[in-house]
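Please work through each task before reading its solution.

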Amino acid sequence: MYHILDIFFLTIHSLLIVFNLFGWIWKPLRIANLISLLLTLSSWVILGFFYGFGYCPLTDWHWKVLRHLGESDIPASYIKYLADRIFGYNFNPVFVDYCTGSFFTVAFVASIAVNIYSFNNKNRK
């Protein structure tokens, strides 16, 4: 059962990351993408106030599954865990956090920009 949950969290969390990064590109998903980015940021900051900056419930739940599977030395960052798991390399956690923050910021700014653009164009018609 825990192996299935591991695959489930790996899949869902990875899809959420891809959606957060690129969901703003497709017009029908732009508002949903902005909401998802805002929820992610809220989790990182607001829940992070209580659980540590960058807190994500999906990561927390996945870590519980991995501990049941006997994994130890699990990194604090899900992105680091994912990169290490995919590439079989031990990435520098500071570098991964920098990349995560940078890519998130670009996606967030892009999402805000395209949503404002779409809103303004809709109101002009």
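**Exercise 1. Which residues do ring pairs link into a cluster with Trp44?**

Solution. In this predicted model, ring pairs join Trp44, Phe104 and Phe108 into a cluster. Under the pairing rule, which places ring centres within 6.5 Å, the count of aromatic pairs comes to ten.

**Exercise 2. Classify the ring pair of Phe8 and Phe9, and state whether each residue is buried or exposed or in between.**

Solution. 
Step 1. A pair of aromatic rings is described by the distance of the centres and the angle of the planes.
Step 2. For Phe8 and Phe9, the centres are 5.3 Å apart and the planes stand at 70 degrees.
Step 3. Planes over 60 degrees apart count as edge-to-face, so the pair of Phe8 and Phe9 is edge-to-face.
Step 4. Phe8 has a relative accessible area of 43% and is therefore partly exposed. Phe9, with a relative accessible area of 10%, is buried.

**Exercise 3. Describe the aromatic pair of Tyr78 and Tyr81, and locate it in the fold.**

Solution. 
Step 1. The ring centres of Tyr78 and Tyr81 lie 5.9 Å from each other, with 45 degrees between the planes.
Step 2. This aromatic pair is tilted.
Step 3. Helix 4 (residues 78-87) holds both Tyr78 and Tyr81, which are three residues apart, about one turn of the helix.
Step 4. Tyr78 and Tyr81 are both buried.

**Exercise 4. At what angle do the axes of helix 1 and helix 2 cross, and which residues make the contact?**

Solution. 
Step 1. The axes of helix 1 (residues 2-22) and helix 2 (residues 30-51) cross at roughly 115 degrees and come within 9 Å.
Step 2. The crossing of helix 1 past helix 2 is left-handed.
Step 3. From helix 1, the contact is made by Leu16, Phe19 and Asn20; from helix 2, by Ala32, Asn33, Ser36, Leu37 and Thr40.

**Exercise 5. Characterise Asp73 by its phi, its location and its accessibility.**

Solution. 
Step 1. Asp73 is not a glycine, although its phi is positive, at about 55 degrees.
Step 2. Asp73 is found in the loop between helix 3 and helix 4.
Step 3. The relative accessibility of Asp73 is 78%, so Asp73 counts as exposed.
Step 4. Between Asp73 and Ile25 there are 36 Å in space, C-alpha to C-alpha, and 48 residues in sequence.

**Exercise 6. Is Lys80 buried or exposed, and which residues does Lys80 touch?**

Solution. 
Step 1. Lys80 is part of helix 4.
Step 2. Its relative accessibility is 7%, so Lys80 counts as buried.
Step 3. Leaving aside residues up to four places away in sequence, Lys80 touches Pro75, Asn90, Phe91, Pro93 and Val96.

Note on methods
Residues numbered from 1 in each chain as written. Predicted model: local features only at pLDDT ≥ 70, side-chain atom pairs only at ≥ 80, totals over all residues. Heavy atoms only, no water. Phe/Tyr/Trp six-rings, centres within 6.5 Å; stacked < 30°, edge-to-face > 60°. Buried < 20%, exposed > 50% of the residue type's maximum accessible area, 1.4 Å probe, protein only. Helix = DSSP H or I, 4+ residues; strand = E, 2+ residues; numbered from the N terminus. Axes fitted to C-alpha atoms, helices over the stretch in contact; angles between N-to-C directions. Left-handed = near helix turned anticlockwise from the far one by under 90°. Contact = heavy atoms within 4.5 Å.
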